[in-house]
Amino acid sequence: MKKIKYIGLFLFGLLTLSSCNDYLDINVDPNTASNTVASVDSRLAGMQHYFEYGYETAGLRSSLIAGTLTRTYASGNSHNQLCAWDPILGSTITPYQMWFVGCGSNINDLITKAQKEEAWHYVGAAKLIHAMGFMLMTDWYGEMPYTEAFGNSKSPKYDSGETIFEGCLAELDEAIKYFEKTQPATATKLSAGDGWNSGDVQKWIKLAYGMKARWLNNLSKKSKLYDPAAILAALDKAAQSNSESAVITHYNLTADTDKDILISDPLKTSILYDGIGMNTYFLPTKWYIDLLTNTFTGGSGVEDPRTDKLIPSAQFKIDGQIKLVRSKGVDMINSDIRLNNGPILGTYNATSHKWTVNTTNPSRMGDSVYVNLRSQGAMYFTLVNADDTYKGTDGRILSTGTYYTRPDAPGHLMTYPELCFIKAEVLFRKGEKGSALTAYKAGIRAHMELMNAKLSQYPSTDNLNKSAIPTAQIDQFLASAAVAQSVGELTMAKIMQQKYIACSYSIQNWNDMRRFNYSAGNIGDYGVVYPDFDRPKEFSQTAATKMIGTSKSDERYWFRRMAQCQYERTYNSDNLKASNPDALLDKIWSYPVWWDVAE
């Protein structure tokens, strides 16, 4: 970790980061780089960027596990292995790298400098980010160096998940105390470097309480630790509306051609665009689309008005007319389509205005119905205006992209809709089902309205994927059979299904699936919370050496954590071995993290 600390210092000497409006501009002479040069505002802006990159990359990769996304088989790489639940170490590194190298290695220096000038709000931000980063690591890996992580040890000891969890909760309280302090006029204003909340200290405090509610609720398997009263108390001090949510603004700028120093992506675009929308091989799954269209087992069949915002479409020539058609979902659970090298994405012919699939395999000739999630016209850094889509040379839309994967898509750190669903779950567990129903319905409405806050900014268009959801459609859906209308109709499954949609591409969906043992149906008397979900059809003998359970009721049947990355295996192997009996074995992938073990 000491080596990582100095790598991070080198990066920030070269790339001293400025305010939220000009973040990631170079404004310090690299010839004088040192850990004392970077100002508190420039350092915070960079830390925020790299934390978000690690956090949302974890969300992307966990979405391949938890049923939102898949890839074309021919695209290969470590993401492909996650889709098959046959993971390799290449899947695990980016969140670690972004956290330790880009973000965490700068925290102590930021705190030291902020304390000298009594910039208390920067101390609070640093402590909150420190807690968020290590909670991400323990959600991702389980055990991790924590108490010695940024010290002088070249081989820091590992801490248990419980130690990290308790430490992160304590750091939240410390952060709140610093946010509540009054800074002197001579201290740097938080707004100078804050790319998340524009210097709004109250939003930072609400973010801290929102994280506390999320983390405490993740203890639902720990009967002696799960504390509904504490969760509800945190919710009372967290965001109470969409306007108080922690939502990161991203930009689609043709001038954004500077590349991130660690990952070589644009600097101001959405992280999910960088990972998903920039490429042609990511596709939505059938399981996710069934959730939106309510066509899963026991579903109402009433289509959610968010469907066309979250699922890409493309233009096809049908009966002589050009029509926009929604993507079909890849059936990862019941179909062997990927084992047959599919889906093979179609190629659009601008002369004939038809799609063709370059294959002689009859079963793959219809694969043009699968639309990728690529957004905008160019694959790497040549972006176009915000109203554009991924188009062919004749202007036909090849993919509309989606709400979460466009260059200017918002980044959701902690939102009011998620908090509504946490409240609904807690109240449902307490037996206060009337109040749970109210919170559940509030969460559905709030998420649609949160989406509208961005969708309404796009110019008027006939493209349903980039237009706001009409209020009448929201009201109609909330009154439909897709939504519980009474206490008797409300189930934990309904709450968690709606939370899944509201938390699309968030690692929290994977956390929740682990808490409820996916579709095992053996948590309390809640039944199957995620109907129809199972291991992918292509689950292999190799994958079975990693997910070693043989039945759904066996906790090790399911994907439970990431194996520690190669850096730790190479440079800190003794401590890694001591941290977990399965640490270096294939079966570590199905070893539950601390909060995922029932007590």
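**Figure 1. Surroundings of Tyr440.** Leaving aside residues up to four places away in sequence, Tyr440 touches Phe421, Ala424, Ala482, Val483, Ala484, Leu490, Lys494, Ile495 and Gln498, where contact means heavy atoms within 4.5 Å. The model is predicted, so local features need pLDDT of at least 70 and side-chain atom pairs count only at pLDDT 80 or more, while totals for chains, interfaces and linings use all residues. Residues are numbered from 1 along each chain as its sequence is written, and side-chain values use heavy atoms, with hydrogens and water left out.

**Figure 2. Gln498 in helix H16.** Gln498 belongs to helix H16, which spans residues 492-502; helices (H or I, at least four residues) and strands (E, at least two) are DSSP runs numbered from the N terminus. Gln498 counts as buried because its relative accessibility is 6%; buried means under 20% relative accessible area, exposed over 50%, and partly exposed in between, with a 1.4 Å probe and protein chains only. Not counting residues up to four places away in sequence, the contacts of Gln498 are Asp304, Arg306, Phe421, Tyr440, Ile444 and Phe477.

**Figure 3. The nonpolar cores.** A nonpolar core is a set of buried Ala, Val, Leu, Ile, Met, Phe, Trp, Tyr and Cys residues joined through side-chain atoms within 4.5 Å. The largest has 157 residues, and those with the most contacts inside it are Trp99, Phe134, Trp215 and Tyr440. Helix H6 (residues 120-141) gives the most to this core, with 15 residues. Apart from this core lies another, of 7 residues, among them Trp355, Val371, Tyr390 and Leu398.

Figure 4. With a disulfide taken as a pair of cysteine sulfur atoms within 2.5 Å, the count comes to 0. Cys103 is in no disulfide, and the nearest cysteine sulfur, that of Cys168, is 13 Å away. Cys103 counts as buried because its relative accessibility is 0%; Cys83, at 2%, is buried as well.

Figure 5. Most residues other than glycine have a negative phi, and most peptide bonds are trans. The peptide bond from Gly342 to Pro343 is cis, with omega near -15°, and Pro343 lies in the loop between strand S5 (321-326) and strand S6 (347-349). Asn294, although not a glycine, has a positive phi of about 55°; its place is in the loop between helix H11 (286-293) and helix H12 (307-310). Asp319 also has a positive phi, near 50°, and is found in the loop between strand S4 (313-318) and S5. Asn294 is buried at 7% relative accessibility, whereas Asp319 is exposed, with a relative accessible area of 74%.
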